[in-house]
Amino acid sequence: MSKPKTPIHFTVDGKKCQAFLGQTILQAAKDNGVYIPALCRWEGFEPAGACRVCTVRVAGRTMAACTQPVTEGMAVENNVPDLQDMRKSLIEMLFVEGNHMCPTCEKSGNCELQALAYRFQMLVPRFPFQFPARKVEAAGKKILLEHNRCIKCLRCVRGVRTRDNKAVFGALRRSRDKEITVDQALAAALPEKQARQAMDRCPVGSILRKEVGFVVPIGKRKYDKEPIGSDVEKAKD
Amino acid sequence: MPSKGLIASIIDRHRRDRTRLIDILRDIQAKSGFISPEAVADVAAGLGLSTVEVEGVATFYHFFSSRTAGTYAVYLNDSIVSVMKGRAAVAAAFEKAAGCAFGETTRDGRIGLHRTSCIGMNDQEPSALINGVVFTNLTPAKAKIIVEGMKAGMDVPAMVAVTGDGANASKLVRAMVKNNIRKGGPVIFAPFRVGAAVKKAVRMTPEDVIAEIKKSNLLGRGGAGFPTGLKWEFCRRENGEAHYVVCNSDEGEPGTFKDRVILTECPQLLFEGMAVAGYAVGAKEGVLYLRGEYAYLKPYLEKTLADLRKKNILGKKIAGKAGFSFDITIKLGAGAYVCGEESALLQSAQGERGEPRARPPFPVQSGYLFHPTTVNNVETLCMAARILEKGADWFKALGTPRSAGTKVLSVSGDCKKPGVYEIAFGLTVRKLLEMAGGLDAQAVQVGGPSGNCISRGQFDRAIAFEDLATGGSIIVIGPGRDLFEVVHNFMEFFVEESCGWCVPCRAGNPLLLRKLEKIMSGKGTPSDITEIETWGKTIKAMSRCGLGQTSPNPILTTIENFREMYEAKVDRGNSFLPEFDLAESVKAASAVTGQKYAAHAPEKARE
């Protein structure tokens, strides 16, 4: 906390903002009350740049706000129609890539994918549904993996590790066949707090802690009352 | 299945080194024909990893398999030029003789038939890799003979009866591969006296070496065209415990094979280029990342390295220069196009899944083992060596003012003389087609699938960074070919080779492919052309690395240059056509309910 911070100045859609050298565009925007939508990001994890929903444009070049450091004088385009539409199409791609049935999902109301779809006012995806055949891995003692809902944001791969630093989750294969997998032996040995965290950090209803469903009733969940991003926008003015 | 002892000895041989996980898995795959869950668990335990980490790597690469790939594992290239040259008949012959289909292994586990992406033999297609040995110019008759050999238990290298030209015939290579050097040039394919570059470099300061490369205007030959001297300067300036030189020998762009020829005929020039780079950036170690498909060259390249050590071009106190030591190790890939992307290559060289890194930080800041690294293409490093030997001014006099020097092109497809051409930048496509005997082409794919498909009206454009920039893949598409088939083949390739990390590339490319298939099937309307263009632009703008940023190009450049082809294929009288046939789709249900569905009722009929 005591390290000297170099203040720098930048703008988002013309709004004057201040940041510190070393911050990413996304962090810096947040500190200035500007919400840049993002899906794979989790504060404290190495940013992955996987979902690309936070893509912004600087000097005509598109880049992920979660990985790009902010620099002095940077003029960031964020809430502009063509970018917003491309972001929305990424959300739609995720909806058609998997099998997402919100009404039956444990995560409904707490789901960041669903919340972003609402924020972007998605009605029906512009892309044809792929209806992939995916499985549910329910054999584990503590963790259930619902592959139909997985968006491969890699939060679990990045953030859930054992005390001796072994990855509990991993990615298999590549391309559209990519799949998240869990080391069931390591998962079974996870302390309760970590198992719950794995579920809470999953942006969708793909990682579920067994036997604790629907603790918070529908209607009282995170995004039931306010769109995702409201907290950031309300923080300043 | 390999015994625990065997796996333990493999892990020990690689010093239980996590960064050598791919080498370990390669050895297990070679010994037992597949990587079993037990092997994964043993390797994980041996390296102190969780099983999912090992499994993640083992399932990422094309040449690793979790079920037996066959005692004889046949990987037949399915890239478009292979298709043009008769792949279908060769595949059928393999299937018939072996008694199993592609994607399968014979019941006795002896023969496995698999498809694979371009293996760098486009000038001698159809080609295949069998247990790592290259078979070129395949015909149905040859396929039959090969299968007979496999059934008789023959040694795969012994099936190579006639070897190719040049070093292909040497004892350590013994490959039927041909070099097909159709046009040599002054930079790459001219004679080279070993030591000419390194001995000159060590008499200069590293800064002066960089200045000379900068002065030459050498731009990276892998395709991106970044100034080499600048890259070296950035790398040298970075503080770090160690600096590295990595040579990108992972040419995976379908249609490119020039690095294979350079590696075969000019490895001394390349290794001297790496040593010069090492001297310039302050590196003691270099890594040659060799694509898995070219593993057959490894013993020969190792021998070349040993010779250079003897001549004191590598090793300690190189060319008598106190304090300058540099050596090179070879790292093999295992089949993944995306590893040609430099940060994915670095991940792979460290034994990880070949997934690109976030940039910044760039490799010059955080590269191999997260140390400052210059990653350069094979051809670029050769050129750097030659520039040291002959001088920046000599180099700059070749080519055009903005594109100095020569470029090695890999020409294949519908032309009489497929092969490698070292040309001066500025050459028109027409002149190249004249040389190669392909003037009647309807289209030329410049720069491979990720490049640009140009029409006859553009043949007077020049091959140069300021006009048609290319990593070197030139595919000639003759009259009578269905261009849609070419585009489709390329899109299937990108769908397959996406690493799957980011959404637009992983989820978007399959949607483009599906839309393309809709248009190809005659069920497209003008709105489908508009949509596929918009989607393609989104994928380009939103993707994380060069793969996704270029993967829509086969579609976008053909819509731009061959729009009439798309318009002729779509139904202009309709604003929308479903991609599926309703009656066909509900056939089973109709049979039960007795209800009939109209395929596509026009608006009026519904009123």
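A: A salt bridge here is a side-chain nitrogen of Lys or Arg within 4 Å of a carboxyl oxygen of Asp or Glu. Between chain A and chain B the count is four salt bridges.

Some ground rules. This is a predicted model, in which local features need pLDDT of at least 70 and side-chain atom pairs count only at pLDDT 80 or more, while totals for chains, interfaces and linings use all residues. Residues are numbered from 1 along each chain as its sequence is written, chains are lettered from A and ligands numbered from 1 in the order in which they are written, and side-chain values use heavy atoms, with hydrogens and water left out.

Now the interface as a whole. Contact means heavy atoms within 4.5 Å. By that rule, chain A gives 43 residues and chain B gives 43 residues. Together the two chains bury about 3400 Å², with 59% of it on carbon and sulfur atoms. On the side of chain A, Arg52(A), Met93(A) and Arg174(A) lose the most area to chain B, together 20% of what that side buries. Buried area is the accessible area (1.4 Å probe) that two parts lose on being put together, summed over both.

Polar contacts come next: pairs of N or O atoms within 3.5 Å, where within protein one must be able to donate a hydrogen and the other to accept it, and residues adjacent in sequence count only if both atoms are side-chain atoms. Across the interface, 19 residue pairs are in polar contact, both at pLDDT 80 or more. In chain A, the elements that give two or more residues to this side are α2 (81–97), β8 (169–172) and β9 (179–182). The largest share, eight residues, comes from α2(A). By class, the chain A side has 21 nonpolar, ten polar and twelve charged residues. Nonpolar covers Ala, Val, Leu, Ile, Met, Phe, Trp, Tyr, Cys and Pro; charged covers Asp, Glu, Lys and Arg; the others, Gly among them, are polar. Helices (H or I, at least four residues) and strands (E, at least two) are DSSP runs, numbered from the N terminus.

Cross over to chain B. Arg353(B) sits in the loop between α14 (342–349) and β10 (373–377). Its side chain reaches the backbone oxygen of Ala171(A) at 2.9 Å. Setting aside neighbours within four places in sequence, the contacts of Arg353(B) include Leu172(A), Arg173(A) and Lys178(A) in the partner chain. They also include Phe60(B), Tyr61(B) and Cys499(B) in chain B. Arg353(B) has a relative accessible area of 9%, so it counts as buried. Buried means under 20% relative accessible area, exposed over 50%, partly exposed in between (1.4 Å probe, protein chains only).

The loop between α14 and β10 of chain B also holds Pro361(B). The peptide bond joining Pro360(B) and Pro361(B) is cis, with omega about 0°. Most peptide bonds are trans.

Last, the chain behind this loop. Chain B has 26 helices and 15 strands. Its radius of gyration (over C-alpha atoms) is 25 Å, close to the 25 Å that the globule rule gives for 607 residues, so chain B is as compact as a globular protein of that length. The globule rule is 2.2 Å times the number of residues to the power 0.38. Buried residues make up 61% of chain B.
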